[in-house]
Amino acid sequence: MSRIIPADIGDRRGWDGALSFVLTASVYYYFVFQWFVGDYTDGDQLVIAEMAAYLAEGRVQEPSFWGQGYLLPLEAWFAAIPVRLGMPALFSVQLTAAFFVFAPYALFAWLVRGRAVWWVSAAFLLSAGSVILQVSLMPRGFTASVGLSAIGTLLLLARQELWVRVVSGAAIGLAVASSPMAIFPALVLLSGLADRRVLVSLVPAGIACCLVAALLKWTMHAHYAMPGAVVHQAPVYSFSYRTFLENVANDAVIAPALRALLCLQFLTVMGLIARGVMRERRRLYCLVPLFVFAVFMLLLFSSGKLRDALPNVFFSGVRFWTSIPLFFLCYCFLLVKDAQLDVDSILRERGLLVFAAIVGLLAFDIATIRPVIKPSLSSHSMVAYGRIDNIRDRCRAIAKAGPVDVYRIVGRNDLLAYGCYPLEGIKVFQTEYDRRTWFLREVEGAVIHDVSP
């Protein structure tokens, strides 16, 4: 019987599973999502794209999301290299977000190294459904964070080399320091607390994690010591039983969480794998991550931050749950690794059922997401959104006003203020709520032309 741990580079069965999954994910992404994210965008995504454009020029103005004292925009950091090589900034950050959505599942398929295991990884990917994936594919800082955390966790579970532990620990530290939601996939590592040998092996990873996180927090604090550098303060986290009851009774809060937790594909695959694990071994310490996960979920539901959302695809409460499928992906790998199972043999009996469920959801999404998502654009949102072509046309129209250094919007229009530079290379700022305090200093003495919102 073929065992899963670990997949050697060049192992054909591992590459077959990973490549089969990548092909499936690519088709799914193109037909279901690209028609939307390639057509519409919003102010927050344009902020990330603008950061990538400036970073590609070597101009590091602020370490975190423009004007914030929290949430590092990792998509902008990683996308700066392809932007430097000539890739359009907005497409680059969107591609980076897509990579961190799909990469953990492809890594899972490669590590488990089964010809049929791509069914498992694809089932996890599609298990969250259209809405969670749609939100994940929009670059806003948290997508790369939770994806990077899941990648680091899977590598730590699979490999014991010192360099893997240090690099993976540093990646998890960067991810968690960037976005608190990135802690969910890493909770699976708590299973090592019950095994002294595993716990000792995690020490280098823990040190790397703490050092990276501390360094990031220190550099951010040093930067934001400048008066007025932070426009949007970090949210205040408070927890109460009353808030918990209010959130549980709120459909806008509970519905996406239940969709992420209780899905047919996830239950099918986890049921098959858990059945195989229970046949092989019974180890209660594997339940530790589930217990801690439940505690974190209770705390999250007790926070008023969950109500910081609107029923709109661009500013949705779904963003709080994008890490849940990745937690269960890592937990699934923990179970399979612990029992040293051949996943192909587990799925052989009911593999057709899993495959049929995946194809069924794919067909359902293609048939339903188009008429559902676009009408939701008419609902109110705190985040400005619009068609990319329209934003480009407006930026070009602004540039025709005259050969000046920078254009000033008298009022507020986030799409133009943050989008004209990454889309058309035109510098624009706004008089109301411009989150780039450094930009106001940069344009002092420049030739400015006023335009209407």
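Cys395 and Cys420 are joined by a disulfide, with an S to S distance of 2.1 Å. The structure described here is a predicted model, and a search of the whole of this model finds one disulfide. The torsion about the S-S bond of Cys395 and Cys420 is about -90 degrees, so the disulfide is left-handed. Cys395 belongs to helix 19 (residues 388–399) and Cys420 to helix 20 (residues 414–424), so the bond ties together parts that are 25 residues apart in sequence. Both Cys395 and Cys420 are buried.

Cys330 is in no disulfide either, and the nearest cysteine sulfur, that of Cys332, is 9.8 Å away. Is Cys330 buried or exposed? With a relative accessible area of 0%, Cys330 is buried. Cys210, in contrast, has a relative accessibility of 53% and counts as exposed.

**The end of helix 19**

Helix 19, which holds Cys395, also contains Ala399. Ala399 is partly exposed, its relative accessible area being 31%. Which residues does Ala399 contact, leaving aside its neighbours within four places in sequence? They are Tyr407 and Ile426. Ala399 can also be placed relative to His449: the two are 50 residues apart in sequence, and their C-alpha atoms are 9.7 Å apart in space.

**A positive phi at Tyr433**

Tyr433 lies in the loop between strand 4 (428–430) and helix 21 (437–442). The phi of Tyr433 is near 55 degrees, a positive value in a residue other than glycine. Most residues other than glycine have a negative phi. Tyr433 has a relative accessibility of 33% and counts as partly exposed.

The accessibility values given for single residues are set out below.

| Residue | Relative accessible area | Class |
|---|---|---|
| Cys210 | 53% | exposed |
| Cys330 | 0% | buried |
| Ala399 | 31% | partly exposed |
| Tyr433 | 33% | partly exposed |

**Helix 2 against helix 3**

Another part of the chain shows two helices packed together. Helix 2 (residues 43–56) and helix 3 (residues 74–84) pack at an angle of about 55 degrees, and their axes are 8 Å apart. This angle makes helix 2 oblique to helix 3. The crossing of helix 2 past helix 3 is right-handed.

Which residues form the contact between helix 2 and helix 3? From helix 2 come Ile48, Met51, Ala52, Ala53, Leu55 and Ala56, and these meet Glu75, Ala76, Trp77, Ala79, Ala80, Val83 and Arg84 of helix 3. By class, the residues of this contact comprise eleven nonpolar, no polar and two charged.

**The chain as a whole**

How many helices and strands are there in the chain? The chain has 21 helices and five strands. Its length is 453 residues, of which 56% count as buried. Among contacts between residues at least 6 apart in sequence, 80% join residues at least 24 apart.

Definitions and conventions
Residues are numbered from 1 along each chain as its sequence is written. This is a predicted model: local features need pLDDT of at least 70, side-chain atom pairs count only at pLDDT 80 or more; totals for chains, interfaces and linings use all residues. Side-chain values use heavy atoms; hydrogens and water are left out. Axes are lines fitted to C-alpha atoms, for helices over the stretch in contact, and angles run from 0 to 180 degrees between N-to-C directions. Helices (H or I, at least four residues) and strands (E, at least two) are DSSP runs, numbered from the N terminus. Angles under 35 degrees count as roughly parallel, over 145 as roughly antiparallel, 65 to 115 as roughly perpendicular and the rest as oblique. A crossing is left-handed if the near helix is turned anticlockwise from the far one by less than a right angle, and right-handed if clockwise. Contact means heavy atoms within 4.5 Å. Ala, Val, Leu, Ile, Met, Phe, Trp, Tyr, Cys and Pro count as nonpolar, Asp, Glu, Lys and Arg as charged, and the others, Gly among them, as polar. A disulfide is a pair of cysteine sulfur atoms within 2.5 Å. Buried means under 20% relative accessible area, exposed over 50%, partly exposed in between (1.4 Å probe, protein chains only).
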